[in-house]
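Welcome, and please take a look at the structure below. A short briefing follows, grouped by topic.

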Amino acid sequence: MSERIVSAITGPVTKWVVLGFWLVMLVLIGPLTGKLGDVESHDNSDWLPANAESTQAIDELAKVQDPDDLTTTIVYHREGGLTKSDYTAIVLQIPEIASLDGVTSQANPQSQQNGSRQARQPVMPAIAYPTGEKKGQKHGLVSADGEVATVSLVVNYADEDPTALLELRDDLVEMTKIDGVDVYIGGAGGSTADQMEAGAGIGGALLYAAAGVVVVILLITYRSPVLWFLPLVSVLVALVVSMGVVYLCAIYAGLTLNQMNRAILDVLVFGAGTDYALLLIARYREELGRHEDRHRAMAAALRGAAPAIIASAGTVTVGMLGLMVATMGSTASLGPVCAIGIVAGLVVMLTLLPALLVITGRWVFWPVKPAYGTSGEKTGGIWARLGDWIQKRPRAVWIGTAAVLLACCGGLSMLNITTLDSSETYTKDFPSLIGDRVLEEHDLGDPSNPIQVVSAPGTEKDVVEALTKAGYEGVTPVTDGTHEVALTAVPLATDPMSKASFDTVEDVRGVVHSVDGADALATGTAAIQLDMASATDRDTKVVMPLVLGLVLIILMILLRSILSPLLLMATVVLSFGAALGLSAIIFDAMGFAGQGREFPLFVFVFLVALGIDYNIFLMHRVREEAIAGEASEHGDTRRASLVALSATGGVITSAGIVLAATFAVLTTLPHVSFIEIGLTIALGVLLDTLVVRSILVTAINLDLGDVIWWPSRLARGRTKIRSPHPAVVRRPMARPHHQLDHQLRQPRNPGQY
């Protein structure tokens, strides 16, 4: 950071200006955070690629059907069979159901001319039921065994608060009660309401859990009843700012948001922001022992810690933005959402937090306040002993560590990357899931989830004939040949997110594509899920190598080397494979059916971008130590690696534990995908922090020595390299590192990490 910026942040007067600036930002942006839920999308079709068949079909379908319509199915079930009084009660409920706000009819297709629509009228849903026939005969919307009946209605809350759908579900549950009959609200409306309920914890419980985890770790780290409050306040400010910016981008820049993106934003800002705070405060504590004036101490801390923090945040941001090339909207939007969170955390931690620390003074470290004239450095101890152990046989250590990580990769054979069906998506049974299961068990398809075939005007009969010849029963033309497009419904008896439904969609598409002149396209819930799966598979193959390449280029620029970045990336990829392998074993033990298709891509991007963070922190310090050693004609890369490990071990480990713990908070949500992604990233971060960075990378550095900097001048041995701060030079070391009883001193070089 430039001297002018450092002075503006830490000056006796300007520190209050910085505080005032962020207070104004909170007043301006704070109210926007409460509106973030309003711009969340709960419709999977919003994330489809523009060239997907479902997307094209939905565009055509909008000419005869409002895209905001949600067909909702009420499922009635009585063991042993529904009675006549049950049917009577159901029929009597229909007028009351139809009168609810938001319940509408589909726009009358026969009135659709040139894209115009007539006003909507309330619909009275219909039900077909037995009237004395033999039990077991199948009657339309009643199962063959007479145990299940369904009522379908269409709801539309496009102009309402999203929570209105939850209120409708609760109203339906209340008014459809019948003694002895189990009632479930399913279909698109019911599943969307349950999805909103499952994600309700993202805005509240998830934040409280993340904050609680951060507070506990900060208390353990600092052993101060006061200091933890400042980084926590700063993280909350960063979160508010990032949420406000995301909301503005959603309104004015078309950025879309879903529950997954919102949850990851929360934990990412908490985790990364706290990491930056830990690194800055650790350096500030050191400088307080060297400077009597706390303003000067903070200035020195910023000059020392900011370059590595900025480099780390820049690497993560670029890695996240690599997601924007994805064709899936949910994946592409995650990139800018996370980038906004990282940048907000970086700016707040390098401005607001320093101002707060300088304003409060040394007492905030109570009961162990760093006194002037002492060193706040934390060297020696377990990390120096670990370095001594590694340097005895570095090659054996890194080969053995790599072998253990490779063995962990063996669990990759247990991964099952698939599209989780409805029953496998959540860890609890929501009403819509139970309703779907009841329909499937009684061989009664959900009328709200047919395959919808959109074709050229007047081709309904041709499409129906082709599908009937192919063996499909119950195919129904929805339009009558007088409209802009033709619409045909194909009943679907299986879970729309299952492989069986995917196979049906592909078969239906093959049939209707062969109808001459129809230009037919198939959509519907199952078709949308199939197209999403195909797009996600494509994105995984494209985005992963792109992110890997971007991060590698940044590392080469930061470290001014080719070999070292290649080695670091290899260790991170190895850690990624080990984390996936171990997590696959854990998920199998937990009884999960598989991992969502987005799982490997999300985990890879976060582990590569975040995992490389700690290597940047370590290697930045190693490089600076090596440069300082060259400037004073003492020390080399091997010694610099030991110094860096000893000096940064504690703070980087604390940072890794914070980040892992915040991602682990995702496991408190009832989403299987959230649990799997959160747990795997947490496991991977711990591997990076405790094994890869501390043991594997250090052992490689000790084994290869100066050659790791190839082709830079540092790789040429005792080449004179001018220190960036020649006035401050390390004192010559009389003995090797392992003979110093861990009393190594860090260089008082403000330009170092």
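The protein exposes about 29,700 Å², and carbon and sulfur atoms supply 59% of that area; accessible areas come from the Shrake-Rupley method with a 1.4 Å probe, and for residues only the protein chains shown count as cover. This is a predicted model, in which local features need pLDDT of at least 70, side-chain atom pairs count only at pLDDT 80 or more, and totals for chains, interfaces and linings use all residues. Residues are numbered from 1 along each chain as its sequence is written, and side-chain values use heavy atoms, with hydrogens and water left out.

**Overall build**

- The protein has 24 helices and eight strands; helices (H or I, at least four residues) and strands (E, at least two) are DSSP runs, numbered from the N terminus.
- Of the 753 residues in the protein, 58% are buried, where buried means under 20% relative accessible area, exposed over 50%, and partly exposed in between (1.4 Å probe, protein chains only).
- Among contacts (heavy atoms within 4.5 Å) between residues at least 6 apart in sequence, 82% join residues at least 24 apart.

**Helix 13 and what follows**

- Helix 13 spans residues 352–360, and eight of its nine residues are buried.
- Among the buried residues of helix 13 are Leu 352, Pro 354, Val 358 and Thr 360.
- Gly 361 follows helix 13 and has a positive phi, near 85°.

**Pro 12**

- Pro 12 sits in the loop between helix 1 (3–10) and helix 2 (14–33).
- Pro 12 counts as exposed because its relative accessibility is 55%.
- Although Pro 12 and Ile 359 are 347 residues apart along the chain, their C-alpha atoms are separated by 8.4 Å.

**Surface patches**

- Patches are made of residues with over 30% relative accessible area and no salt bridge; like charges are joined within 9 Å, and nonpolar side chains (Val, Leu, Ile, Met, Phe, Trp, Tyr) within 5 Å.
- A salt bridge is a side-chain nitrogen of Lys or Arg within 4 Å of a carboxyl oxygen of Asp or Glu.
- Ile 562, Leu 566, Leu 704, Val 707 and Trp 710 make a nonpolar surface patch of about 410 Å².
- Ile 562 lies in the loop between helix 20 (525–559) and helix 21 (563–590), and its 34% relative accessibility makes it partly exposed.
- Glu 79, Asp 182, Glu 440 and Glu 441 form a negative surface patch; Asp and Glu count as negative, Lys and Arg as positive, while His and the chain ends are not counted.
- The place of a charge is taken as NZ of Lys, CZ of Arg, CG of Asp or CD of Glu.
- Asp 182 belongs to strand 4 (residues 182–186) and is partly exposed, with a relative accessible area of 38%.
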